[in-house]
Amino acid sequence: MASYKATRIPSFPRLGEKVTQDTLYWRNYKTPVQIKEFGAVTKIDFSPLSPHNYAVTASTRIHIYGPYSQEPVKSFTRFKDTAYSGTFRSDGQLLVAGSEEALIRLFDVSGRVALREYTGHSKAVHFTDFSADRFHILSGSDDYTCRLWDIPSSAEVSRYSEHTDYVRCGTPSRLNPDVFITGSYDHTVKVFDSRKERSVMTMDHGQPVESVLLFPSEGLLVSAGGRYVKVWDMLKGGQVLVSLKNHHKTVTCLCMSSTGQRLLSGSLDRHVKVYSTTTYKVVHNFDYAASILSIALAPNDDSIIAGMTNGVLSVKHKKHPEDRKMVGGTSRHRPAYRVFVKGKNYMPKQDDFLVRKREKAHLKQYDKELKRFQVSKALDSVLKPHVRLKTPEVTVAVIQELNRRGTLKNALAGRDEKGLSILLSFLIRNVVDSRFAPILLTVAEMVLDIYMKVVGQSAVVDKQILKLQELVEKEIDYQQELMEVLGMMDTLFATMTAKKEAAALCLVHFSTNHCISKLSKKIQKGG
Amino acid sequence: MYRWQSGLWRLIDPGPGWIFASLIHLFVQFLLCASGDAVHVYSTSTEERVHVLQGHVDLVTGLRLNSSNHLQVYSCSLDGTVKLWDFTDGILIKTYIVGHKIFSLYVSKFHEGTVFIILPMESKAFQLVALHLPKTTGPEVEARDILSVLRDVSPIPKATSFGRGGEFVASASGLQLSVYFFRKQKTYRFSLKANDKKGARNRFTCVASHPNDDCIATGHEDGKIRLWRNFSQKKEYTYSTEHWHHSAVNALHFTPEGTELLSGGVESVLVLWRYGAGSKKDFVPRLGSAIEHISVSPDGSLYCTSHKDNKIVVMKSSRDISAIIQGLVKGVTDLLIDPRTKALVCNGKPGHLQFFSLRHDKQLYNLDIVQQEYIHEAGLHQCEVTKAAIDAQGSWLATVEERQENPEELDIILKLWAYDESTQSFHLNTSISMAHEGQISAMCFSGDAEATMLVTTGRDGHFKAWLLADHPDAQGEGASWSCDYVGSYHRREPTRCCFSADGSLLAVGFGEVVTVWSPSTWELLVTFSQPPGDIRDLCFGRLSCSKYLLGTTTKNLLCCWNLLTCSLEWSSTVDVILLQPDPLSENMAAFSRASGSTDLFVFKPSEPRPLFSQKAVCSGTVRRAVFAPREEVLEGCDESTQWLSCSRLYFLTEHMELMTFSTKSEEDQIIASSKQLVIDDSVAVTPFYLLLGKHRKSQRETQDSVSSHTAARIQLPQGSPAIRELLHTPAHVLPSASFLCNMFVNSLLISKCREEEMGSEEEEEAEEQESEGEMEASVSAQGPAVQGFQTEPTPQLSKAQERELRKLQKADFSWLSSLLDS
């Protein structure tokens, strides 16, 4: 006759964000290493040379760290005031930095003392960089000017004073040694050509520009300022391609992944967002402990380094498959493949009479107990830690099945202190989960009914019941607030045509609310 | 089986669909079962019905084997007659007229020429009497020689049992067990208390006596089985109690040897207690539905249980199930027609939908909708399939299952099933729990072939549209259904919904208002209202009448709105309880209530005069109706039967009878085919049966293991009578095997290829004329003869064939003619 039908475990829609290729990629980093600096970390720059050391500019120092070291391999401490924008030259030999003292210093990476000092700016220099031909230095200063310097002679080659506010960021073109781009607090991004007297292109960002970044192809330019990240098409004469508003505080830094496929932006709202450069949609999001001022990705995305306002440098290294093997140690011995195919790879000949063994349906432990009508044991088997913690939906499905059979009360009754406390802890963990709430509220009611008499005999159980009550009360408040919000939303939606979402949402919340308030009354009555 | 209605029209109920297995009697080859006013004889090996013993005019209440002749059976009925039948040939031998209502019948070896029947006494009591059967000849005999045996017995057949070959009779009624010894002519009565401190309920439900030991087994309301011994003393009787059943024991039966006691109840588990071995027992679990009756064949090799869901299960004594005779299960959902198999779809086993082939009067398969273990327990709230709908192509099935424990807790699951071509059955695609906050009151698919849409209306005041959509995010999952639109109208409760034939309009009835929506934009196009009275049924006209929308209201109004002018075209005051459109024509069938019976009107919305009307098609109301498309258009219909030409109307009455309309010519065909069936099915175990039957059985087993969802497959060719004869004829009179081989193989071919082959063979015949191969010619002549058995013989003969025939006449075919004649 028909065989036993196993308990159906309903598949719930997955809550939270969907797992995509991007989330898998960006999650594949180890827990961050935290390094404490002396002040806010304003700039991180990777050396283009092989060990890929990185320079971290914070307070009056510039530290150079090795890829896996937590101690600086080198530090430049000769600044009398805050240093800014420590940047490597493309050959990795020289490092340039601006400072609050209106000076620009050029260091040899292997040396200690500054090779050159460039004087001429009247106010703090926040942005310095090398030009693509390696012989010039660009700088932008709070005196509204940006200048081009000759490295060997320390002479100022040209000066542009078109900006009307602090120049805080900029980037040289990697393809053309004469072209560089600056962003300023006067809301504009300007493109300069050293062969011309004036700027060749001006783009209005609309907010004080905090950071600019060129795409590897240099056809597109990204600027960040205020809450916006804007992408400009340079070849169309500086037309805005897309304007992204995904942060809720000022975006401070930008960075491109090694392949050029993803764009990262860090913000004072403590988030780093990853955008796809084809769709300009946010594909991933990192959370940090403090506001982010600077961010950098190592070549090949081997590590993500973020500098924050509280002086903490967070370094995340990528997980490598080899690492896991090291950590895991000895792998578990499994039966060999031939054990499973034993006797099954024999092909019957033409005249053979085949006697097949009846295939045995494998039932889970709870199904075996349910088949025997052992309701308490079935419930016990799904209240084991690995089931109730990892797959609460299985536990709930079995409870639902017991309820359908009308034997839930029998299964819940007759538990000792330990069993009851496991049951209560499961309830506390899951009772407010909207997927499980309807049935678990019934369970909670039944538990209170059954064990009303023993309240006061065990401190552990009493504590848990109080906790449950607290939880339920909190949930009621929460639902009440939601209802208020919904009421407000309803008035907003009333004018719009799309009423359906609000109506559906409203109904769901109403029903849950109703159940929960009923339970709360019960608890108050009992305890 | 046929009830004549005004000459041409009659109602038939689809024969074996109804078993009503109230009484069964099992033999090694045959299974007898009383069903209504007839006794059905089934073959235990083929599960086919062999005979229907018709003659009683009221419910058959008893069925017993004649103890002196094992090929005869007594039956009794409420019409006050006892009839003696030869069940192997299906012949009525004798009728004994008693003149009182007979509630049960028993025979015992001890008393030849006497049967025991239960008759009503005055004041609602019943008595067991011995009826002496007069030995006079003649088909009808008055039998008035009655001798009272026991007074105050229960009229239920299960509550009385003859023990030890008829030495005593035990009968239980209420809380009292009475045992009457024929030798001593003495009655002993034993009483039990109604209940005790432990909550036992001791009322007797059934009695069985051990065939050759002094032991009586009684079943009780609380599931206990008591084995009484030493009951020939008034005081020193003893009994032992066994308790396994959790609710009343419905049936008890000893095996003929007395080694085992079989019991069954609501749990639908057959329990086999070993006699004399205490509480040792075996189980046959999950028989599907509550056991009503148990029977064992006289040699003890077969057991048989009849179930509440119109099913008889035959199992061997090794607990292997050998046959299941399943009738149409009574249900409450909508009647549907599956467009692919043309099968009737309705509730089957609990939580299942059954696909019942109307053409073959046979259940095709059961589709498990609920997919939960069914707990057989009285008073448990079960998950029930309440609504079902199939789209026009038969590729999607939507079902609604409900479980309501109390008014506040309602579980509703809307499930959508996709038809899978490879496995030929439906597979679950989407399951939506709590699709509506209240019960789902109506559901329908749009007729649009490209974008199938489902609309459900709920008691929560909304109607929802569901669309099949691909979710690109969900990897590895195909398309699934999701909600597309939620609509409501002034917080009224929607009751009915209906799509127009092309799927461009949706009509939803909200109370007394009909709203018409455009499913593409979800715009409310127009509203109709004809107060007072809420909308009961809604449907759009089809084909040439597609501009009409028809609705019926609770206040006896049938309205027809014109959708082009948005006005009421006509209305009439008829209390229409059911309105059913024919999907293949413009016709509509309306059932109306009139003084205890139901009238039927068939009309076209565009014409004022009904095409057909029939007063009092059945007593009581009609629950559901459906138009089933015919396999082929019926030719030669006159004006009044024109509406039956492309589809047939089936309807389900209050008493759960399925009825249909058919024309006279059809009726004759049915009778003819049923006669043919009788000839065909007197099958014994032949070598050929062993060959093909084995095949069939293994096929069935695999079907079962694949959760019995596979659809009806092409049947293997059945043995034609010629082969059967061939295998039965003694070998020494047959021609040589090499000669017979060709013929045998030809007859095994499936008929379609046979017809093609027939043509080619005729050509061959023409060629072979010159060669004058008499033997070969005789073989090819044999081929068409076999095929012609079921089809009509062709009267026209060509000249070449006539010449052939003449040639055949010369040859000696005496052996062949003896084959065909026998």
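Predicted model: local features only at pLDDT ≥ 70, side-chain atom pairs only at ≥ 80, totals over all residues.
Figure 1. Chain B contains eight helices and 58 strands, and buried residues make up 50% of its 822 residues. The accessible surface of chain B comes to about 38300 Å², with 51% of that surface belonging to carbon and sulfur atoms. Chain A contains 12 helices and 28 strands, and buried residues account for 46% of its 527 residues. Chain A exposes about 28300 Å², of which carbon and sulfur atoms supply 53%.

**Figure 2. The interface of chain B and chain A**. Here 29 residues of chain B are in contact with 20 residues of chain A, and the two chains bury about 2200 Å² between them, 48% of it on carbon and sulfur atoms. Of the area that chain B buries against chain A, 27% is supplied by B:R286, B:Q372 and B:E373, which is more than any other three residues supply. Between the two chains, five residue pairs are counted in polar contact, with both residues at pLDDT 80 or more. On the side of chain B that touches chain A, the elements giving two or more residues are β31 (321-326), β37 (396-406), β38 (409-420) and β43 (480-487) of chain B. The most is given by β38(B), with four residues. Sorted by class, this side of chain B has 10 nonpolar, six polar and 13 charged residues.

Figure 3. B:Q372 lies in the loop between β35 (362-368) and β36 (384-390) of chain B.

**Figure 4. Two salt bridges within chain B, B:E493 with B:R459 and B:R536 with B:D575**. The side chains of B:E493 and B:R459 meet at 3.4 Å, N to O. This pair links distant parts of the chain, 34 residues apart, with B:E493 in the loop between β43 and β44 (494-499) and B:R459 in the loop between β41 (453-458) and β42 (463-469) of chain B. Both residues count as partly exposed, B:E493 at 36% relative accessibility and B:R459 with a relative accessible area of 42%. The side chains of B:R536 and B:D575 meet at 3.3 Å, N to O, and this pair also links distant parts of the chain, with B:R536 in strand β48 (residues 535-540) and B:D575 in the loop between β51 (567-572) and β52 (576-581), 39 residues apart. B:R536 is partly exposed because its relative accessible area is 21%, whereas B:D575 is buried because its value, 18%, is under 20%.

**Figure 5. A salt bridge between A:R195 and A:D193 in chain A**. The side chains of A:R195 and A:D193 meet in a salt bridge at 2.8 Å, N to O. A:R195 is exposed, with a relative accessible area of 56%, while A:D193 is buried, with a relative accessible area of 10%.

Definitions and conventions:
Residues numbered from 1 in each chain as written. Chains lettered and ligands numbered in written order. Heavy atoms only, no water. Contact = heavy atoms within 4.5 Å. Buried area = accessible area lost by both parts, 1.4 Å probe. Polar contact = N/O pair within 3.5 Å; in protein donor to acceptor, adjacent residues only side chain to side chain. Nonpolar A, V, L, I, M, F, W, Y, C, P; charged D, E, K, R; others polar. Buried < 20%, exposed > 50% of the residue type's maximum accessible area, 1.4 Å probe, protein only. Areas by Shrake-Rupley, 256 points an atom, 1.4 Å probe, with all protein chains shown as cover. Salt bridge = Lys/Arg side-chain N within 4 Å of Asp/Glu carboxyl O.
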